[in-house]
Amino acid sequence: MATLRVFTALPLPAEAVRLLAEACTALGRDFPNLRVVHPEGLHVTLQFFGELEGERAQGIAERLPAAIGAPPAVARITTVVGGLGQFPPAGSPRVLYCPLGAGSEAVGALYARLRDALRPLTGGA
């Protein structure tokens with residue numbers, strides 16, 4: 001059966017995408033073997049579920065609106081993006097990321113709401 005790579009994420013403001021895309025382009029020049037993500041693929045990952053079958057992915061998608069809440073329950077989140085990290089933490093990096101700084105508490109609270117709402121489908125992931 002076909003699987004989907006499933007995760008929940010927040011979009012980034014256009015200015016943040018522009019600045020991160022510039023940084024990715026510069027990294028690509030310095031590290032020619034680095035595969036750089038297209039700017040439209042840049043996001044803040046909230047929860048990664050992995051490869052899931054369509055039915056399980058659909059169940060997650062159906063629970064998202066209730067988990068997130070309707071406006072004004074979801075407000076604009078302001079946070080600082082800075083630094084650079086990698087997965088795995090040692091050895092050759094597979095993924096580079098920018099950790100969140102000030103304001104990340106709001107992102108953490110949204111993650112907790114999603115995690116709790118989706119726990120019956122994810123087994124506590």
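Analyst: A residue is called buried when its relative accessible area is under 20%, exposed when it is over 50%, and partly exposed in between, using a 1.4 Å probe and protein chains only. On that basis, buried residues make up 20% of the 125 residues in the protein chain. The model is predicted, with local features requiring pLDDT of at least 70 and side-chain atom pairs counting only at pLDDT 80 or more, while totals for chains, interfaces and linings use all residues. Residues are numbered from 1 along each chain as its sequence is written, and side-chain values use heavy atoms, leaving out hydrogens and water.

Helices (H or I, at least four residues) and strands (E, at least two) are DSSP runs numbered from the N terminus. The protein chain has three helices and four strands, arranged along the sequence as β-α-β-α-β-β-α.

A nonpolar core is a set of buried Ala, Val, Leu, Ile, Met, Phe, Trp, Tyr and Cys residues joined through side-chain atoms within 4.5 Å. The largest such core has 11 residues, namely Leu-10, Leu-12, Val-17, Leu-20, Leu-42, Val-44, Leu-46, Ala-67, Val-107, Leu-110 and Leu-114. H1, S2 and H3 each supply at least two residues of this core, and H3 gives the most, with three residues. A second, separate core has six residues, among them Val-6, Leu-52, Ala-57 and Ile-60.

Contact here means heavy atoms within 4.5 Å. Setting aside residues up to four places away in sequence, Leu-10 touches His-43, Val-44, Leu-46, Ile-77, Val-107 and Leu-110. Thr-8 lies in strand S1, residues 3-10, and counts as buried because its relative accessibility is 7%. Beyond its neighbours within four places in sequence, Thr-8 is in contact with Val-44, Thr-45, Leu-46, Gln-47, Phe-49, Leu-64 and Leu-114. Across the protein chain, 66% of the contacts with a separation of 6 or more are between residues 24 or more positions apart.

Helix H3 covers residues 104-122, and its buried residues are Val-107, Leu-110, Leu-114, Leu-118 and Thr-122. The buried residues of H3 pack against S1, strand S2 (44-53) and helix H2 (54-68). The expected span of a helix is 1.5 Å times one less than its number of residues. With 19 residues, H3 has its end C-alpha atoms only 24 Å apart, short of the 27 Å that a straight helix would reach. A kink of about 35° lies at Asp-116 in H3, shortly before the proline Pro-120; the bend at a residue is the angle between axes fitted to the seven residues ending there and the seven starting there.

Helix H1 (residues 14-30), by contrast, has 17 residues and reaches 25 Å from its first C-alpha to its last, close to the 24 Å expected. Its buried residues are Val-17, Leu-20 and Ala-21, and they cover an arc of only 110° around the axis, which puts them on the same side of H1; the arc is that of the directions from the helix axis to the C-beta atoms. An α-helix has 3.6 residues a turn, so residues three or four places apart point the same way. The face of H1 turned away from its buried side carries the exposed residues Arg-29 and Asp-30.
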